Structure formats: structure tokens, C-alpha cells
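Colleague: I have not looked at this structure before, and I would like to learn how to read it one feature at a time. Could you take me through it slowly?

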There are 2 protein chains.
Amino acid sequence: MFPYPGEQQLRNLIEARLDQVLPASEEPPTRLHEAMRYSVLGGGKRFRALVCIASSVATGGSVDQALDPACAAELVHCFSLVHDDLPSMDDDALRRGKPTCHRVFGEGLALLAGDALFALAFEVLARMEAPPSVTTRCLQWLSEASGTKGMVGGQTMDIEAENSALDPSDLRGIHERKTGALVGASCAMGGACAGAAEEQQRALFEFGQLVGLAFQIWDDVLDEEGDASMMGKNAMSDRTKMKATYVSILGLEEARGEAERILDLAMKVAGPFGEKAEALRNFAKRAIRREC
Amino acid sequence: MFPYPGEQQLRNLIEARLDQVLPASEEPPTRLHEAMRYSVLGGGKRFRALVCIASSVATGGSVDQALDPACAAELVHCFSLVHDDLPSMDDDALRRGKPTCHRVFGEGLALLAGDALFALAFEVLARMEAPPSVTTRCLQWLSEASGTKGMVGGQTMDIEAENSALDPSDLRGIHERKTGALVGASCAMGGACAGAAEEQQRALFEFGQLVGLAFQIWDDVLDEEGDASMMGKNAMSDRTKMKATYVSILGLEEARGEAERILDLAMKVAGPFGEKAEALRNFAKRAIRREC
């Protein structure tokens, strides 16, 4: 659906750049570097990277300009998966169809690999070829989306909400932070790289946040439907943990409808970007429905 | 020994700024914010923050210019302490004379609080009032010093070296990363804030790295001497874990001598900065010997 390189080619570009920025397994500390590479490479839809690049193009920028922030967003995402899977968190055995990082490398090393991936995300931003004002704006988007106002805050709220009654707006608040913020920041960074105005970057953030939310609701729908092969993780895992999900609160059909409504809203937000944002909009729609 | 505000006043300034940048306990997620504040405030010598500020002054800058990077360095340090203390790492019960974060808030929340402190460090850099070129340079120093080439890499090597025979140069390599890199980056960021030339920033990094190393050797000496009240953590904890230390490899007297030699070398590196760096040099000397 991308008119430029093509979706698979873009994924290859992202994969190659991730491979470049990750430290080599041969360099010490080798086990740490192996754990980092294991947790990032050879899996993952690269959703955040793709919307980052598509947002750059949507605002007149290029693929190359957004490649490093796209990789930084993926690294933050991978760091969060490694830590979320740890025994003291979700204690998951399977991720992207492979044993989780701590199952392969041990708990201590998985903790450190997550930390190192998080540091690497910022190192990639630090070294990107861009005017310092663009780097600084990307740093603002990414750091804010990662911390207590974003991903880590959302993850905490998600855990605290276990075994408690939530209404849809509580759940939305959690997932706007846990998933929405980083997808939003990915889009906004794409805009920043393209030199988009502040107002445009904010619109891209809002678009991405909505898309992330719709993605998460769809995740709950798929989790309920229990297709482990499609999810690459243990299906039903959220339900057995008594986590409130959109499906448990709204029911399957209504959850699907909510995902579509939020997606429609995202499309409206991205409307003013016109034709250049066509690929961004189409990609988001298809990614949410897992059509790509 | 600082000619400007005075050491205790500087510590108060740093404490007040940390209090400002940390999210309020009343804001949700409240437990996460409490855990972050618990792990940062009301303890700690602020060694990294003080050398950062002193480095700014040593290169013609002000205290204020370096206050935010100084806090960012402290936040990275605090994040590393929270994660190092976790059961899957050192499993420590006591830190700065208080129960460790996970003993108070639980393991999952301590993990997330560490992650959030790391994110906050970069958010503080992102929002500092400085030309974007200075922010970007600080980001480079801090991210590189935190990751696999720095703190996290050193921590990994330290764990991997448990129960194995090390020579002094192995141990030096570990602590240059684990402790030296962040102290070095703190000094270099101070220089960056003051607009110091690249060469000066590199000299400040080298100075800080040596000072961090001497600090670590002195730590081993104090750990051996077993004065828990001075250390604020369980004395002898490294020995019972069969970790190689400077003392176990070199003996107590030789370790003390090595600390002094490295400190002398650091003083030589800082020599060319002249009189303006007097406070920086004096503070480093006294801090290493725990005289302040």
C-alpha cells in the first residue's frame, strides 16, 4: 500500500538499520548483546517504525530522514516487551513465537538487555543525522511517551487494575498511555524529521495515539478469539490473569465496533494531510486489522 | 570547598530541582510516583550532579546552566541502583540506609520505577533550557554512558565475572564502564552546557572516568573495612557474593594506593583547566575519600 519502496522493502530497510545499530554479538559483553539482538531482530511487525516513516512522507519528508527515529521507537517497544515478559511482571513464556528473553538468557540478563535497549534508543536519536533542533524535538516526543505520562505509566496502571472493575474510559486511559503514546510519538517524530510545523506534529501524535488504541482493542479481540498463531504469544493469557479487556467489558462485537469507531476518528484527524498521507492512513487501517 | 553557592547549598539546589522534575505522588499512577520519589529523594551524595555543575564552572559556565543535566545524571544513577538491587540482580535489602525500593513497593513496581526514572532522565534533558546543539551533545554523552558501552555493559560484566578469577585490568575495564562512564559523562555534560570545546569535553570525560574509578576502588576499601553506617548498605555484601574486588585482588593497602594513583592521574588531566577547576578537583578528592 506504500507507494514508495513498498511495505516489505521498508521492513527490510528497518531490519537492516536495526541490525546496524545493535551492538555485534562478538563484542563483549557478548551475552548481553546476544540477548538484545534476540529480542529485537527476526520478528515483530515494525508497526511503530512504519507509521513513523509514513508520517515523514505524509508531511513532505523522506524515508531516510525518519529511519533512525523509526528504529528508536522500535527499540523502546522491544525494551518494554522484554521487561513486561519478566517473571515479576506478566511472566510470559512466549513472544513473537519464540521463548521470551528471560527464558533463554535468564532473568538478570533480560532485565539488563531491556535497560540497554532503552539506552540504545536514545543513543540512536543522539547520533542521527539531523539538525539539533529536530533531534531535540524527537527526544522530547520519545522520552515523554516512554515514561510515566506514557508507556511505563500505562503499564503500571494496567497491572494495578488487575482484579478490579474498570469502565471503558478507565481502560481507554490505560491504553492511551501504554500503547497509544508510543505510536503517537512515532508519528510525531516522523513529522519532526520532515520539518513539519508544531501543529502538524501534534495532529500526528493524536492520529497515532488513536491508531495505537484501536490496535490494542483489536488485540483484545484477537486474544479472545484465541488465535495464538496470529498473535505469536499465548492466547487467552490476559483473560486467565483476570485482566479487564475491551472484550470483557464491552463484549466481542461491541469491542470490534469501538475499534472501528476510533479508527474512523483517527482517519478524520489525518484528513487534512491530504493525498500524501494516503499511505499512512491505509497502512494504519490494514495493520490494525492484521491485514499486513 | 566550592567557592560558589557552597557545597551544602548546591546539594539543596539539586535536591529541590529533583523534587520539581519528579512527578507528584498525588498524580496517578500514585504508587509508581511514590516509588520513584522514594528511590531518588532524601539520600544520596549527589556526587554525579556536583561534578557536573563543577565542570560547568570549570569551563566558564554557571551553576544554573548545568542543573538539569546534573539531575539527569542523578536520575540515571538512581535508576541503576533500583534495578541493581532487584532480586534477580544483587537482591539487596538496604540502600542508603533504607529498605530497597522492591522491598517497599514490590518487585514489579520497582522494575517499572527504574524504567520510569531512566525515561525521566532523558525527559529532563529534552526540556532543558539550552540551545538544541547543547541538548543534543548532552544526550550523546548520557545515552552512551548509560548503555552497553557504559553503565549497563559494566554491570553485566560485573555479574558475569562473579566466581571467576580476574586480574586488575579486567576489573578496571568493568568499573570504567560501570561507574566511570556516568561520572565521566556528568563532567562532560557540564562542559557542554558551558559551551566548552569538544576537546575540553573529552578531557572532562576522562577526568570523570578516572575519578569514578578511584571512587569505586575506595568503595571496595570501605566495603572491606565493613563500616555499614558510612556506606548506607550492607557491608561485606560484595565479599559474601564472591565478587572480585580491588581489595580481594590487590590487598587493602595496595588498593588504597591504586585509588590514590588514579586520583593523581585525574588531577593531571584536569590540570590544564587552571584555577577555575580548583573546586572541581578539590571536591573530587574529598568525595572519593568520603570527606564530604
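Colleague: Let me begin with one helix: what covers the buried residues of helix 14 of chain A?

Modeller: Please keep in mind throughout that this is a predicted model. The cover over the buried residues of helix 14 of chain A includes helix 10 (198-225), helix 13 (246-250) and helix 15 (278-288) of chain A.

Colleague: Which residues of helix 14 of chain A are the buried ones, and how should I read their arrangement?

Modeller: A residue counts as buried if 20 or more other C-beta atoms lie within 10 Å of its own. In helix 14 of chain A that applies to A:A255, A:E258, A:A259, A:I262, A:L263, A:A266 and A:A270. Around the axis they cover an arc of only 135°, so they sit on the same side of helix 14 of chain A. The face turned away from that buried side carries A:E253 and A:K268, which are exposed.

Colleague: What span does helix 14 of chain A reach from its first C-alpha to its last?

Modeller: Helix 14 of chain A, residues 252-270, has 19 residues and reaches 27 Å, which is close to the 27 Å expected at 1.5 Å a residue.

Colleague: Stepping back to the whole chain, how many helices and strands does chain A have?

Modeller: The secondary structure of chain A comes to 15 helices and two strands. Its radius of gyration is 18 Å, close to the 19 Å that the globule rule gives for 292 residues, so chain A is as compact as a globular protein of that length. Of those 292 residues, 58% count as buried. Where contacts in chain A join residues at least 6 apart in sequence, 70% of them link residues at least 24 apart.

Colleague: How many residues of chain A are in contact with chain B?

Modeller: There are 41 residues of chain A in contact with 41 residues of chain B. Helix 6 of chain A gives the most to the side that touches chain B, with 14 residues. By class, that side of chain A has 19 nonpolar, 15 polar and seven charged residues. Because 100% of the interface residues of chain A are also interface residues in chain B, the copies meet through the same surface.

Definitions and conventions
Residues are numbered from 1 along each chain as its sequence is written. Chains are lettered from A and ligands numbered from 1 in the order in which they are written. This is a predicted model: local features need pLDDT of at least 70, side-chain atom pairs count only at pLDDT 80 or more; totals for chains, interfaces and linings use all residues. Two residues are in contact if their C-beta atoms, placed from the backbone, lie within 7 Å. Helices (H or I, at least four residues) and strands (E, at least two) are DSSP runs, numbered from the N terminus. The radius of gyration is taken over C-alpha atoms; the globule rule is 2.2 Å times the number of residues to the power 0.38. A residue is buried if 20 or more other C-beta atoms lie within 10 Å of its own, exposed if 12 or fewer, and partly exposed in between; C-beta atoms are placed from the backbone. Ala, Val, Leu, Ile, Met, Phe, Trp, Tyr, Cys and Pro count as nonpolar, Asp, Glu, Lys and Arg as charged, and the others, Gly among them, as polar. The expected span of a helix is 1.5 Å times one less than its number of residues. The arc is that of the directions from the helix axis to the C-beta atoms.
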